[in-house]
Amino acid sequence: MTVTAKRLRVRGRVQGVFYRGWTVERARSLGLSGWVRNRRDGSVEILASGPSEAIETLIEQCRQGPSAAQVTDVDVQETGEPAPDGFQQRPTE
């Protein structure tokens, strides 16, 4: 099992539609560590760490998002940034 970390930037109608709470639920169900937060530019940023397969599943789910979201783009970058234990929602930055 390969463990990796990726940073995602999700754009579209992704704030005010339960995107962060939805992401926390999905990431925890996949056994991932990390965090999710709104960005002031209207996007949502995610740091996810865990098995590569689980991260790829989260990325695919993020392309859809919760039912009220309209995702237009998901930018994915490899990162060496350490993730905290568990998966949490952070304040807007």
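Where is the place of Phe18? The points below start there and work through the rest of the model.

1. **Phe18.** This is a predicted model. Phe18 sits in the loop between S1 and H1. Its phi is near 70 degrees, a positive value in a residue other than glycine. Most residues other than glycine have a negative phi. Phe18 is also exposed, with a relative accessible area of 51%. That value falls in the exposed class because the class begins over 50%.

2. **Gly16, in the loop as well.** Gly16 belongs to the loop between strand S1 (3-13) and H1. It counts as exposed, at 81% relative accessibility. Gly16 and Gly42 are 26 residues apart in sequence. In space, their C-alpha atoms are 9.8 Å apart.

3. **The sheet.** Five strands make up an open sheet. Their order is S4-S1-S3-S2-S5, and the pairing is mixed. S4 and strand S5 (87-89) stand at the edges. Each has a single partner strand, so one side of each is left without a neighbour in the sheet. On average, neighbouring strands are turned by 20 degrees against each other, direction ignored.

4. **S1 and its two partners.** Strands of a sheet pair through backbone hydrogen bonds, either parallel or antiparallel. S1 and S3 pair in the antiparallel sense, over eight bridges. S1 and strand S4 (residues 70-78) also pair in the antiparallel sense, over eight bridges. Leu8 shows both pairings: its bridge partner in S3 is Ile46, and in S4 it stands opposite Val76. Arg13 stands opposite Gln70 in S4.

5. **Thr4.** Thr4 is placed in strand S1. It is buried, with a relative accessible area of 16%. The side chain of Thr4 makes a polar contact with the side chain of Glu78, at 3.3 Å. Not counting residues up to four places away in sequence, Thr4 touches Ala48, Ser49, Gly50, Ser52, Ile55 and Glu78.

6. Glu45 lies in strand S3 (residues 44-51). A polar contact of 2.3 Å joins its side chain to that of Arg7. Leaving aside neighbours within four places in sequence, Glu45 is in contact with Arg7, Leu8, Arg9, Trp35, Val36, Arg37 and Arg39.

7. **H1 on the sheet.** H1 packs on the sheet and touches S1, strand S2 (33-38), S3, S4 and S5. The direction of H1 makes about 175 degrees with that of S5. Which residues of H1 are buried? They are Tyr19, Gly21, Trp22, Thr23, Val24 and Ala27. These buried residues pack against S1, S2, S3, H2, S4 and S5. After H1 comes Gly31, with a positive phi near 75 degrees.

8. How many aromatic pairs does the structure hold? It holds one. Tyr19 and Trp22 form this pair, which is tilted: 5.4 Å centre to centre, with 55 degrees between the planes. Tyr19 and Trp22 are three residues apart in helix H1 (residues 19-29), so about one helical turn separates them. Tyr19 is buried, with a relative accessible area of 1%. Trp22 counts as buried too, at 7% relative accessibility.

9. **H2.** Helix H2 (residues 52-62) lies across S1, S3 and S4. It runs at about 155 degrees to S3. H2 is also among the elements that the buried residues of H1 pack against.

10. **The annotated region.** In UniProt, an unreviewed entry carries the annotation "domain: Acylphosphatase-like" for residues 5-91. Over residues 5-91 the chain is 25% helix and 40% strand. The end C-alpha atoms of this stretch are 20 Å apart.

Terms used: Residues are numbered from 1 along each chain as its sequence is written. This is a predicted model: local features need pLDDT of at least 70, side-chain atom pairs count only at pLDDT 80 or more; totals for chains, interfaces and linings use all residues. Side-chain values use heavy atoms; hydrogens and water are left out. Helices (H or I, at least four residues) and strands (E, at least two) are DSSP runs, numbered from the N terminus. A polar contact is a pair of N or O atoms within 3.5 Å; within protein, one must be able to donate a hydrogen and the other to accept it, and residues adjacent in sequence count only if both atoms are side-chain atoms. Contact means heavy atoms within 4.5 Å. Rings of Phe, Tyr and Trp (its six-membered ring) pair if their centres lie within 6.5 Å; planes under 30 degrees apart count as stacked, over 60 as edge-to-face and the rest as tilted. Buried means under 20% relative accessible area, exposed over 50%, partly exposed in between (1.4 Å probe, protein chains only). Two strands pair if DSSP finds at least two bridges between them. Axes are lines fitted to C-alpha atoms, for helices over the stretch in contact, and angles run from 0 to 180 degrees between N-to-C directions. UniProt positions are given in the numbering used here, feature names are shortened, and annotations may be inferred rather than shown by experiment.
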